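Have the viewer open as you read.

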Amino acid sequence: MDISEYLDVCSDLRHQIADYDNKILELLETRIDLSKDLIKIKLSQNQNTYDPIVEDKKLETLCAQTAYPDLVKIIWPLIMLYCRASEGLNEN
């Protein structure tokens, strides 16, 4: 592979990565919005908004579905915490 081909391949891969970064952000925003809706429904029914057992099961399920469980173990607890905190809610 000459330098021109190398640069083209790198550029193409960077564009693909950027596209996926944008998709990830869009999906993350949708997930946060859905979580906010769930929290509102739970609150309207006087239910706890936080269930560590549910979150642990979610994490376990996601880890089993990926080749990168260590990454999921880092990212998902933060996502779930952010979703709870974004509504100004503490763990019940």
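In which helix does Leu 34 lie? Leu 34 lies in helix H1; helices (H or I, at least four residues) are DSSP runs numbered from the N terminus, as strands (E, at least two) would be. Before going on, a word on the ground rules: this is a predicted model, where local features need pLDDT of at least 70 and side-chain atom pairs count only at pLDDT 80 or more, while totals for chains, interfaces and linings use all residues. Residues are numbered from 1 along each chain as its sequence is written, and side-chain values use heavy atoms, with hydrogens and water left out.

**Along helix H1**

Leu 34 counts as exposed because its relative accessibility is 55%, where exposed means over 50% relative accessible area, buried means under 20%, and partly exposed is in between (1.4 Å probe, protein chains only). From Leu 34 to Leu 13 there are 21 residues along the chain, and their C-alpha atoms are separated by 31 Å.

Helix H1 covers residues 3-44 and includes Glu 5.

| Residue | Relative accessible area | Class |
|---|---|---|
| Glu 5 | 43% | partly exposed |
| Leu 7 | 49% | partly exposed |
| Ser 44 | 52% | exposed |

Ser 44 has a polar side-chain atom that lies 2.7 Å from the backbone oxygen of Ile 41.

**Surface patches**

Patches are made of residues with over 30% relative accessible area and no salt bridge; like charges are joined within 9 Å, and nonpolar side chains (Val, Leu, Ile, Met, Phe, Trp, Tyr) within 5 Å. The areas come from the Shrake-Rupley method with a 1.4 Å probe, and for residues only the protein chains shown count as cover.

Glu 5 belongs to a negative patch, together with Asp 2, Asp 8 and Asp 12. For the charge bookkeeping, Asp and Glu count as negative and Lys and Arg as positive, with His and the chain ends not counted. Leu 7 is part of a nonpolar patch of about 640 Å², alongside Met 1, Ile 3, Tyr 6, Val 9 and Leu 13.

Asn 46 sits in the loop between H1 and helix H2 (52-64). Its phi is near 55°, a positive value in a residue other than glycine. Asn 46 counts as exposed because its relative accessibility is 73%.

**The salt bridge**

How many salt bridges does the structure hold? There's 1, taking a salt bridge as a side-chain nitrogen of Lys or Arg within 4 Å of a carboxyl oxygen of Asp or Glu. The partners are Glu 55 and Arg 84, with their closest N and O atoms 2.6 Å apart. The pair links distant parts of the chain, 29 residues apart: Glu 55 is in helix H2 and Arg 84 in helix H3. Helix H3 takes in residues 69-85.

Is this pair's Glu 55 buried or exposed? Glu 55 is buried, since its relative accessible area is 17%. Arg 84 is buried as well, at 7%. In general, side chains of opposite charge can pair when their charged atoms come close.

How values were computed: Charge placed at Lys NZ, Arg CZ, Asp CG, Glu CD. Polar contact = N/O pair within 3.5 Å; in protein donor to acceptor, adjacent residues only side chain to side chain.
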